[in-house]
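Have the structure open as you read.

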Amino acid sequence: MPFNSQTLEEPTFRGEPDWLRDRRRNAFAAYERLPMPSRTDEEWRRTDVTGLDPSTYAKLEHANGYKQEMPGLPAGVIFEPLSVAAVKHRQLVEPLLFSTGHPDRDRFSALHAAFFTGGNFLYVPDGVVIEEPILRQHFSHEGGTTVLPHTVIVAGRGSRFYYLDEYIGEEEEGAGYRSGSAEIFVGEGADVGYVSIQKWGRHAWHLADQRARLEKDSRLRLFNVTLGGRFSKSRVEASLVGPGASAELKGIYFASGKQFFDFHTLQDHQVGNTTSDLLFKGALQDTAKTVYAGLIRIEKGAARSDAYQANRNLVLSDHAKATSIPMLEIDNNDVRCTHGATVGPVDPQSLFYLQSRGIPATTAKRMIVQGFFGEVLERIPFEQARRLVETELEARLG
Amino acid sequence: MADFEIRDLRASVEGKEILKGVTLAINKGEVHAVMGPNGSGKSTLSHTLMGHPGYTVDGGEVVFKGKNVLALQPDERARLGMFLAFQYPVVVPGISMTNFLRTALNAKRGYDGKDKSKQISPKEFRSMLKGELEVLHMDDSFLPRYINDGFSGGEKKRAEILQMAMLKPEIAILDETDSGLDIDSIKFVAEAVNRMRGPELGVLIITHYTRILEFIKPDYVHVLVDGRFVLSGGPEVADRLEKTGYSEWGDVEDKPEEVA
């Protein structure tokens, strides 16, 4: 199945409603029209995609969508493959799908919007609380393929729940193209915990957008864990559109070997009395490279906004390189904004201290890295995800 | 031959010569105090003995259990039986005191994550801790906290001595353990050290002031000035310093009785 307009006429997509098929065709037209991002674009200046030609991997996995059973959901909750929800719940899906970010933002977003398959739609009605986290796993089964799941989460007024997207590939499987995007709509007074764990194979190309829209008095705690892929680019964006909204955006990454990770984050305060709190922490070893660029944008009317942004990098090898670019764009004076970035090696004083107690240097370094992550791991919004991430990190830190 | 011998130790920091030939023999069962004014090389001595990478050894040797420890990594020195109580204990975020203590104890027992029989049992660990906490008048609320994170000056120093009590070294170096401590903390720390005194432990107390020596009585006192010992003797040397300060060794202003 190559990436062309005929593929959109294949059975996989033929069963979808016309509105969605039209959108896919438009997105595909954008994909064909748009150039590959080049290093003259500010966003891609440090992010090299010259080696990426998605058509090399033009075999779609998950073409039929995969339904994950989730027993015991309260009445009224909708949890369906996105393609099914597009038919059965058009009035809910159509106005929201890709409303947080236009598919023609760049060539990869357009490709994702044209061919996404296998994602889920979750709708939690007003006032409904789900105690058990909703867990969704996305697999890649072989190299040479494309996997493009898209998650849409709608939290009704005053609802409260947790959601985990886990992206899983075989460590050594061949190169492939992967996305794993989510749109999260947090209704008035709702409280959502969302965690994504990206552990595709070591040769994968991963490009993902996680975007959220927060209404009045709502709270989102989003946690991005990036571990896999040869190349991983994630955009994490929260728009605060109602007063009293609060977004906590946290992330951890551990890059080794030749991995390259790029993070672009946006804390968009569209109205006043809103809060955002961002912390991304990463450790790098071998010849890994990471780029973090974060923007706090406070719009003109957004007085009394409170925004915090920090990126901390622990560089464990002389050949690894972390770049951190914090940015502010503030159109209102009555706000509080703090941001900061650090890039540095393991503190030699800490290392000496642990060694002076008999702890060998390799163990001591591992403890320091775990400690570095430990502070932010505590902010993972629910226990299952926290354990999963701890176990995964422990295995990777060796 | 003494249990722990420092022979003609010379060391520098960033190219500047600080220790200009220090020789000292410590036997287990003895308490030695090294006293000296600011800049005499006291902290260089403690850091060099423990192997801090910021200090360069220019000559001499330190022999302990038949080994020249200057050739060993700091963790190897510790596992051999050396301990340094830091003047400025380091804050290490994200690692709990419990995890730290347990890992250190396991390292000492040769547990490397594989042979579980060498691992300390949770029960044994708890009972060891409980006893030592009582002596130091500490409660267990600090155990889940990150290493030295948010600890008061007194808590940090007590936590150092707690680590010493848990690790049971044979040669312990106490680097300015009394600095920044209130009198109660000094007493608790001294009580804990005095309990550990005995034929299995040699102690080297490094201090500017005589105050801690009122609570931990030294067997020998050595005066360090400009990187060399200028006087060695019994406890009476401390009494003499108490009265006259370091002024007799030249251009040294500060007196030991000035308490920080």
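## The sheet in chain B

In this predicted model, strand E6 and strand E9 (residues 171-175) of chain B pair in the parallel sense over four bridges. Strands are DSSP runs of E, at least two residues, and helices are runs of H or I, at least four, numbered from the N terminus. Two strands pair if DSSP finds at least two bridges between them. B:Ala85 has B:Leu174 of E9(B) as its bridge partner.

Both strands belong to an open sheet of six strands, in the order E6-E9-E10-E3-E11-E12 (chain B), with mixed pairing. Strand E6 (82-85) and strand E12 (228-233) of chain B stand at the edges with a single partner strand each, so one side of each has no neighbour in the sheet.

## Where chain A meets chain B

In contact here are 21 residues of chain A and 32 residues of chain B. Contact means heavy atoms within 4.5 Å. The two chains, A and B, bury about 2000 Å² between them, 67% of it on carbon and sulfur atoms. Buried area is the accessible area (1.4 Å probe) lost by two parts on being put together, summed over both. A:Phe352, A:Tyr353 and A:Arg357 lose the most area in chain A, together 40% of what that side buries.

## A charged link

Which residue forms a salt bridge with A:Arg357? The partner is B:Glu160, with the closest N and O atoms 2.6 Å apart. A salt bridge needs a side-chain nitrogen of Lys or Arg within 4 Å of a carboxyl oxygen of Asp or Glu. The count between chain A and chain B is one.

## Notes on the model

Residues are numbered from 1 along each chain as its sequence is written, and chains are lettered from A and ligands numbered from 1 in the order written. The model is predicted, local features need pLDDT of at least 70, side-chain atom pairs count only at pLDDT 80 or more, and totals for chains, interfaces and linings use all residues, while side-chain values use heavy atoms, leaving out hydrogens and water.
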